[in-house]
Amino acid sequence: ASATPAPSLDERRAAGRIAAGMTSVPTSIDPAKAWNTHQYLLIGAVYQTLIRISESGRLVGDLAVRWEISPDGKTYLFELNSNARFHDGRPVTAECVAWSLSRHFWPGHDSIARAILSQALGPAKLPEGDILPQVRVIGPKRLELKLPRPYPPLPHVLAMPAFAILPR
């Protein structure tokens, strides 16, 4: 028996398909449950983060069009792209961002990335569904993160696929 040849890159683009070679099939692409490179590659292809690292290595907005850091380095204010939408057409809101970041601290989400975010926001154990007290929605497209102490790597942390934003 002969194998069917794989579609060409042009054929995949025309069909709107993504092809990814992997040595194992991920069981989930939930950012709060991901733990391996294959999952993070798929998460990056499906979801967006607040900030991303450009091809030139610079931090640039992804869902956030701008962010400000207070002079003391403890408050981050994010403004989301007013046109940002999820794959199903629903708008990306500050509430979705707060919910997505908080999920890493819920008991049923053994997030390996929780420890990284805890360095910035402080340790927290939240009941399922609660929002981190350090995360405050201040408008449909505006969000504030209040850190207990300055944490300069936070923008790079938020660019990680583990902190992709999901619809609530």
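Q: Are Tyr76 and Phe78 buried or exposed?
A: In this predicted model, a residue counts as buried when its relative accessible area is under 20%. Tyr76 and Phe78 are both buried.

Q: How many aromatic pairs are there in the whole structure, and what kind of pair do the rings of Tyr76 and Phe78 form?
A: A search of the whole structure finds two aromatic pairs. Ring planes under 30 degrees apart count as stacked, and those over 60 degrees as edge-to-face. The planes of Tyr76 and Phe78 lie at 15 degrees, with the ring centres 6.4 Å apart, so this pair is stacked. The rings of Trp99 and Trp106, by contrast, have their planes at 70 degrees and their centres 5.9 Å apart, so they make an edge-to-face pair.

Q: What is the relative accessible area of Trp99, and what is that of Trp106?
A: Trp99 has a relative accessible area of 15% and is buried, and Trp106, with a value of 4%, is buried too.

Q: Why is strand E4 described as largely enclosed by the rest of the structure?
A: In a regular strand, the side chains alternate between the two faces of the sheet. Strand E4 covers residues 75–80, and five of its six residues are buried, so the rest of the structure largely encloses it.

Q: Which strands do bridges join to E4?
A: Strand E3, residues 64–69, runs antiparallel to E4 and is joined to it by five bridges, with Ala64 standing opposite Leu80. The hairpin of E3 and E4 has five residues between its strands, and there Gly73 takes a positive phi near 75 degrees. Strand E6, residues 142–146, is also antiparallel to E4 and joined to it by five bridges, and here Tyr76 stands opposite Leu145.

Methods:
Residues numbered from 1 in each chain as written. Predicted model: local features only at pLDDT ≥ 70, side-chain atom pairs only at ≥ 80, totals over all residues. Heavy atoms only, no water. Phe/Tyr/Trp six-rings, centres within 6.5 Å; stacked < 30°, edge-to-face > 60°. Buried < 20%, exposed > 50% of the residue type's maximum accessible area, 1.4 Å probe, protein only. Helix = DSSP H or I, 4+ residues; strand = E, 2+ residues; numbered from the N terminus. Pairing = 2+ DSSP bridges.
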